[in-house]
Amino acid sequence: MSRPQESPENTGGADLRARVDSLNEAATALLGVDDGRALELAGLALELTGEQTYTPGAARAAYLQGLAHTERGDGERALLCLQTALSGFEQLQEPLGVCETREALGRLSLQLGAMPVAEQHLQEALSLARTCGDAEAEARVLNLLGGVFHRNGLYLPCLELLLKALELHRRLGNTQEEANLLCNVGVLQISLGRYPDALDSLSQSYQLLKNEVKNERTKGIVLINLAHLYLSIDEPQSALAYCEEALQTSAERQDRLMEANAILNTGMAQEKLGWDRQAEHSFRAALALSRDIPYRQGELSALDGLGNVFAGRGQWPQAAAAHAEAVTIAQETQDLEGELDALKHLGEVQAELGNLPGALASLGRALALAQEADHKKTVYEVHRALAGVYKRAGDFERALRHHERYHEAERALFNEESDRKTSELTARFDLERARHDAEMQRLEREMAETARGKAEALVRERTRELEQAQVEIVTRLALAAEYRDDLTGEHTWRVGHVSALIAQELGLPEEDVALLRIAARLHDVGKIGIPDAILLKPGRFTPEEFERMKAHTLIGARILSGGHSRLLRMAEEIAESHHERWDGAGYPLGKAGTSIPVTGRIVSVADVYDALTSERPYKKAWSREEALAELQRQAGTQFDPEVVEAGIRVFTRTDVARPPAAHAGAVARR
């Protein structure tokens, strides 16, 4: 059959369509690499389609513009472009185009906090992807639906979706999306409190992306979530390092959404370090940027962070206003986790203002939501807050009831988490040490077989890497000890923080101060080996029980023994010596005076001060003045007098008087 000749007009139309298609292809290739240039090329394609009706090219160009605006954090323009694209693809009855656009609209709605809209778009996209047999699109949509479930507190359904998506991408060999999925699995594991698993997932994600230039945005998101992880385990200094790297990546890419999350986590790290002015500046910057994008989850987190800064200063009206606005945004966006945090903080501030009915209403709603979502940690925290509010109101019967429920819920969570975390983290620590020893032996053999200079350089580099890995493992082991009798981890974090401040006051070298901040958290790691019947006993110990309890010093030293790094050696001497006394009447070795390591003398003072000023099931918290008087009385008998003097100077500082509020970091998702 002969083919008819095209008229000059038809030929011109074909040329125009070819130009539009070429521009769209070039814009597609630049997405994620140079979003600004991708936006320009898609805009040129859209202008050309105005010269002659070419609906497929126009719809594709609008879709690409929507993606580029989303990547650049311009949500309003992205929404307009994607709605235009959806209308064009529906008019053409092109299912794959409709599927892609609904996926993009779901992603954007998730960013804007419109959870019902996001879920509707994504469910329709999932149905189309399965109808078309597009496994790659199906996996991407499952990932985004997991984000909706995560924000609604449906952790187990979220995990199920993410694992399905991960399996699909691995089957397809899509490394980029596999890394993305591993990142989101890591975020979910942080919410579940599975911190070692989260670190593994995020590290795997980063390794997959390490040499991929095109994936700088996903690498930036992984960095933000590593900061979020370290905030969750109370390591703000480590979190700051990742925030700085993420901020640099966001500046290079001009990615405002990434920048907002990095600034938020920076503020949270600064707040945990007691740098309230810097934290306020960061939260205000994140708030302004989140409102400009717009980014509702970022706005919510920034307001809640500002509220905590104001509360730390005793500026209760400002704190209440910030938390109340955060609650409103959380309810509008149906962000369960955000609403739980904001309601709890608002209730605590309302109680400080004397607004007891308001406090009871806020905390009551938080409790109902937390119980419905099985958010166990929030349940016991809210019971504790409600006990305090009813006590202020003079309703001691209800106060006692909530106090009992607080301890019941806390203990239930201990029983569920402590054994798993203890065995898991101890095993990881032993494995890491075994790997370290094996690696050092291998490198020593290599030194004998190869040029000495090259091998020695390799040993130094690998030792540095392994010591960094040991810092992370030691941090995890500290968490294992905390979960035995302090699920919040606040006691050991404060002991480490305050010990470092005392060491600074005594003029110890900065390197020793930095190591002590981490090593001091392991002072009670030996409690892993003490039976629950003794460790968790609310009353006084019998003489036999006390002897068993004293053994935790030797158990801790044995667990940490044999380490090659200064960190492990310092942690070992602290674990063994922090119950020795200046007068020689302590345990386990009965050392006296300066024969006790200075690190043990410092941690002893920090540990006792924190124990005295903390409430326990069997005692009330002492006031700061009472605790300081007790330290002075024991100077020269229980404690090193010089350390006590330095400690008193530290404990009277405003940044130590009230520990920073604990909250999670900002989470970046794709």
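This is a predicted model: local features need pLDDT of at least 70, side-chain atom pairs count only at pLDDT 80 or more; totals for chains, interfaces and linings use all residues.
**View 1. Packing of helix H9 against helix H11.** Helix H9, which spans residues 175-191, and helix H11, which spans residues 216-232, have axes that come within 10 Å and cross at roughly 15°. Angles under 35 degrees count as roughly parallel, and H9 and H11 are therefore roughly parallel to each other. Their crossing is left-handed. From H9, the residues Gln176, Asn180, Cys183, Val187 and Ile190 meet Thr218, Ile221, Val222, Asn225, His228, Leu229 and Ser232 of H11. Sorted by class, the residues of this contact of H9 with H11 comprise 6 nonpolar and 6 polar, with no charged residues.

**View 2. Packing of helix H11 against helix H13.** Helix H11 also packs with helix H13 (residues 256-272), at an angle of about 20° and with the two axes 10 Å apart. That angle makes H11 roughly parallel to H13, and H11 passes H13 in a left-handed crossing. On the H11 side the contact involves Glu216, Arg217, Gly220, Ile221, Ile224, Ala227, His228 and Leu231, which meet Leu257, Met258, Asn261, Ala262, Asn265, Met268, Ala269 and Lys272 on the H13 side. The contact of H11 with H13 holds 9 nonpolar, 4 polar and 3 charged residues.

**View 3. Packing of helix H15 against helix H17.** The axes of helix H15 (residues 296-312) and helix H17 (residues 336-352) come within 11 Å of each other and cross at roughly 25°. H15 and H17 are therefore roughly parallel to each other, and the crossing in which H15 passes H17 is left-handed. Leu300, Asp304, Asn308 and Ala311 of H15 make the contact with Gly338, Asp341, Ala342, His345 and Val349 of H17. By class, the contact of H15 with H17 has 4 nonpolar, 3 polar and 2 charged residues.

**View 4. The second largest cavity and its lining.** A search of the whole structure finds 6 cavities of 30 Å³ or more, and the second largest cavity holds about 100 Å³ of space. Its lining is formed by Asp234, Glu235, Pro236, Gln237, Leu273, Trp493, His497, Arg517 and Arg521. Helix H12 (236-253) and helix H22 (490-505) each supply at least two residues of this lining. By class, the lining residues of the second largest cavity divide into 3 nonpolar, 2 polar and 4 charged.

Conventions
Residues are numbered from 1 along each chain as its sequence is written. Side-chain values use heavy atoms; hydrogens and water are left out. Axes are lines fitted to C-alpha atoms, for helices over the stretch in contact, and angles run from 0 to 180 degrees between N-to-C directions. Helices (H or I, at least four residues) and strands (E, at least two) are DSSP runs, numbered from the N terminus. Angles under 35 degrees count as roughly parallel, over 145 as roughly antiparallel, 65 to 115 as roughly perpendicular and the rest as oblique. A crossing is left-handed if the near helix is turned anticlockwise from the far one by less than a right angle, and right-handed if clockwise. Contact means heavy atoms within 4.5 Å. Ala, Val, Leu, Ile, Met, Phe, Trp, Tyr, Cys and Pro count as nonpolar, Asp, Glu, Lys and Arg as charged, and the others, Gly among them, as polar. On a 1 Å grid over the protein atoms alone, a cavity is a set of points where a 1.4 Å probe fits but cannot get out, and a pocket is an open set with protein on both sides within 12 Å along at least five of seven lines; lining residues have an atom within 4 Å of a point. Grid points are joined across faces, edges and corners, and a volume is the space filled by probe spheres set on the points.
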